[in-house]
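Subject: Structure handover

Hello,

Here is the structure I said I would pass on. My notes follow below it.

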Amino acid sequence: VGDLEVPCSPAPTVPWFGSPEEAQWFLSSFYAEHRSTEKLCSAILRMYSPLITCSEVVPVNPDKGEPTVSLAEFLRRALRLFRGVGPCVAVCAVLLVARMLTRNRRLQVNSLNKYRLLYVAIMVSAKLYEDHTYTNADFATASEYLPLVELNWLEVQFLRYIQFDMFVTPMELASFVASRLHGRPIVSDSCNGGFHTPGVSAPVPAAGPTEGRDRPGW
């Protein structure tokens, strides 16, 4: 994660749902709407970008194995490559980064670590929420810039910073998504049997995720 000294205090997640069932309904609608890589990538960036508190541009040094693509392209590649990483895994990854920052106020996401933090958070989240996931060696190979030894070290440090608290409830996850993407509370929609955000239509949940995964490597 690196030596980060600038204080960071992300806003806490507001519980906007009255029950786990309402939260699950909202999440199902979100997952259905963001099944495509482009839509999911856009949503994840909207949630992750506010956590990047340092805006300075650091020159990229390819000789040190640093990414030479934008964060959007980096995330797009990861989501396309690891097809088993669905909306739930990706959103939980951003929430875990926010949890890390909340519990470690002197940590900061900046242009030097924003790729690493998001990548290791996705890896940790995939291990937790996917029945069949990839190994650390697969993730290291796919990253093209993170050696396996460094990725293993980053994983341990990340878990220590979040105090090994990886569990996320549907209520917490739904409130996190709603607050980051819409910035206003969810209101009751008794006619349709659920809740919705004003001005945002809720899509009908689609079928289950496509099965089958390829070994990574881009």
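Which residue follows α8, and is its phi positive or negative? The residue is Gly183, and its phi is positive, near 65°. Please keep in mind throughout that this is a predicted model.

Overall layout

The protein has 8 helices and 2 strands. Of its 218 residues, 46% count as buried. Taking contacts between residues at least 6 apart in sequence, 80% join residues at least 24 apart.

Helix α8 and what covers it

Helix α8 covers residues 170-181, which is 12 residues. From its first C-alpha to its last it reaches 16 Å, close to the 16 Å expected at 1.5 Å a residue. Its buried residues are Leu173, Ala174, Ser175, Phe176, Val177, Ala178, Ser179 and Leu181. The cover over these buried residues includes α1, α2 (37-48) and α4.

Helix α1 (residues 20-33) contains Pro20. Pro20 counts as partly exposed, because its relative accessibility is 46%. In sequence, Pro20 and Met171 are 151 residues apart, yet in space they are 5.5 Å apart, C-alpha to C-alpha.

Helix α4

Helix α4, another part of the cover over α8, runs over residues 87-103 and has 17 residues. The distance from its first C-alpha to its last is 24 Å, close to the 24 Å expected at 1.5 Å a residue. In α4, 14 of the 17 residues are buried, so the helix is largely enclosed by the rest of the structure.

The α3 and α5 pair

Two packed helices are described by the angle between their axes and the distance between the axes. For helix α3 (residues 71-81) and helix α5 (residues 114-129), the angle is about 20° and the axes are 11 Å apart. That angle makes α3 roughly parallel to α5. Their crossing is right-handed.

On the α3 side, the residues in contact are Leu71, Phe74, Leu75 and Ala78. They meet Lys114, Tyr115, Leu118, Tyr119 and Ile122 in α5. By class, this contact has 8 nonpolar, no polar and 1 charged residues. An α-helix has 3.6 residues a turn, so residues three or four places apart point the same way.

Regards

Note on methods: Residues are numbered from 1 along each chain as its sequence is written. This is a predicted model: local features need pLDDT of at least 70, side-chain atom pairs count only at pLDDT 80 or more; totals for chains, interfaces and linings use all residues. Side-chain values use heavy atoms; hydrogens and water are left out. Axes are lines fitted to C-alpha atoms, for helices over the stretch in contact, and angles run from 0 to 180 degrees between N-to-C directions. Helices (H or I, at least four residues) and strands (E, at least two) are DSSP runs, numbered from the N terminus. Angles under 35 degrees count as roughly parallel, over 145 as roughly antiparallel, 65 to 115 as roughly perpendicular and the rest as oblique. A crossing is left-handed if the near helix is turned anticlockwise from the far one by less than a right angle, and right-handed if clockwise. Contact means heavy atoms within 4.5 Å. Ala, Val, Leu, Ile, Met, Phe, Trp, Tyr, Cys and Pro count as nonpolar, Asp, Glu, Lys and Arg as charged, and the others, Gly among them, as polar. The expected span of a helix is 1.5 Å times one less than its number of residues. Buried means under 20% relative accessible area, exposed over 50%, partly exposed in between (1.4 Å probe, protein chains only).
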